[in-house]
Amino acid sequence: MMRHWLGLLALLPACWAAPAAAGPTLEAVRARGQVVCGVNQGVAGFSTPDSRGVFQGLDADFCRAVAAATLGDASKVRFVPTSYQTRFVALQSGEIDVLARNVTQTLTRDTSLGFNMAGVNFYDGQAFMVTKASGVARARDLDGASVCVLPGSTTELNLADFNRRERIQLRPVVLSSMDEMVAAYQSGRCDALTTDSSQLAALRATALRNPADHVILPDRISKEPLGPLVRHGDEEWRDIVAWTLMLLIEAEEIGLTRANVQEMRGSQDPNIQRILGVTPGFGRALGLSEDWAFNAIRAVGNYGEIFERHLGRGSPIGLERGQNELWTRGGLMYALPLR
């Protein structure tokens with residue numbers, strides 16, 4: 001009996017070191033030489049085409065990080081703009097490999113829609129924007145107001161819940177796109193806009209005339225943990241997408257940046273050696289090359305760099321980190337251990 005157990009124990013290190021089998025999504029990505037990423041059609045700071053038609057933003061750079069991790073080249077990504085009506089169909093049908101577009105992670109999306117959540121890359125909450133001239137100070141003061149909202153979203157459901165919970169009457173004006181919402185709001189067709197507070201900040205900064213004339217009310221009527229989704233049934237691909245996100249957060253915490261990642265390959269810190277593939281193992285576990293993490297960080301930087309570039313105080317959006325700060329600085333961003 002003792003020999004039997006010793007024999008099993010002898011096999012365990014080999015099992016731990018076994019590489020992940022390439023799932024169907026990774027095989028398809030490698031065969032076409034591209035990661036196909038579903039993004040928003042245009043939300044500044046998250047994913048929107050620049051003057052050359054190149055998508056920029058937090059979600060766009062996350063897609064580039066996945067491409068760099070899997071294919072060694074951040075440019076090997078194709079962006080597919082999706083709407084509220086088409087985003088889930090695109091993922092379910094296999095048209096895209098990952099959906100990264102301000103998507104709230106919820107129980108029903110994880111279960112009945114057949115998706116896997118791959119971590120949170122932005123903690124948000126639903127808010128309201130109104131004109132300063134309206135004099136409205138809090139969300140409850142909107143009783144009787146008309147509110148522009150997108151269909152088929154958690155935003156629409158949260159608005160209905162808020163009505164019932166607060167026993168007020170907000171009249172939804174349901175419109176099919178952000179552009180239509182902005183036009184309706186500016187024409188006076190609705191008294192307020194409601195969506196995630198980050199999107200309201202983006203709209204105020206980039207889409208409204210005279211941004212200083214508008215205010216985002218302080219109330220948050222929901223929790224909106226936003227992050228990438230992948231299909232059920234391909235755990236290997238889910239692991240790659242989820243651990244790429246964890247990597248970007250961990251990189252900020254331990255000081256790996258776009259500028260120093262090459263130099264840090266010479267670090268004597270065993271954790272950095274493992275992450276950057278100097279000590280092999282992580283790449284093999286994910287079914288990727290050992291320099292997967294190095295490639296991702298070199299391409300887009302760490303989470304903090306991406307946030308500041310597209311959403312932070314130096315960007316047109318001008319957001320504080322808030323809940324999206326690292327846990328060591330009072331925020332919620334916390335990477336699972338890369339060990």
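Visitor: Why is R101 called buried?

Guide: Happy to show you. In this predicted model, R101 has a relative accessible area of 2%. Buried means under 20%, so R101 counts as buried.

Visitor: Where does R101 lie?

Guide: R101 is in the loop between β5 (98–99) and α5 (107–110).

Visitor: Which residues is R101 in contact with, leaving aside its neighbours within four places in sequence?

Guide: They are G38, V39, N40, D59, T82, S83, Y84 and R87. Take Y84 as one of them: 17 residues separate Y84 from R101 in sequence, and their C-alpha atoms are 9.8 Å apart in space.

Visitor: What makes the pair R101 and N40 a polar contact?

Guide: The distance between their side chains is 3.5 Å. A polar contact asks for N or O atoms within 3.5 Å, one able to donate a hydrogen and the other to accept it. The side chains of R101 and N40 are joined by such a contact.

Visitor: Let's stay with N40. What lies 3.1 Å from its backbone nitrogen?

Guide: A polar atom of the S47 side chain. The cut-off for a polar contact is 3.5 Å, and the value for N40 and S47 is 3.1 Å.

Visitor: Is S47 buried or exposed, and how do you know?

Guide: The relative accessibility of S47 is 0%. With buried set at under 20%, S47 therefore counts as buried.

Visitor: Where is S47, and what is it in contact with?

Guide: S47 sits in the loop between β1 (35–40) and β2 (48–49). Beyond its neighbours within four places in sequence, its contacts are V39, N40, Q41, G42, F55, Q56 and G57.

Visitor: Now the whole protein. How many helices and strands does it have?

Guide: There are 13 helices and 14 strands.

Visitor: What share of the residues is buried?

Guide: Of the 339 residues, 51% are buried. The protein exposes about 15,300 Å², with 53% of that supplied by carbon and sulfur atoms.

Visitor: What share of contacts joins residues at least 24 apart?

Guide: Counting contacts between residues at least 6 apart in sequence, 71% join residues at least 24 apart.

Visitor: And how far apart are the centres of the positive and negative side chains?

Guide: The centres lie 0 Å apart, for 34 positive and 36 negative side chains.

Methods. Residues are numbered from 1 along each chain as its sequence is written. This is a predicted model: local features need pLDDT of at least 70, side-chain atom pairs count only at pLDDT 80 or more; totals for chains, interfaces and linings use all residues. Side-chain values use heavy atoms; hydrogens and water are left out. Helices (H or I, at least four residues) and strands (E, at least two) are DSSP runs, numbered from the N terminus. Buried means under 20% relative accessible area, exposed over 50%, partly exposed in between (1.4 Å probe, protein chains only). Contact means heavy atoms within 4.5 Å. Accessible areas come from the Shrake-Rupley method with a 1.4 Å probe; for residues, only the protein chains shown count as cover. Lys and Arg count as positive and Asp and Glu as negative; His and the chain ends are not counted. The place of a charge is taken as NZ of Lys, CZ of Arg, CG of Asp or CD of Glu.
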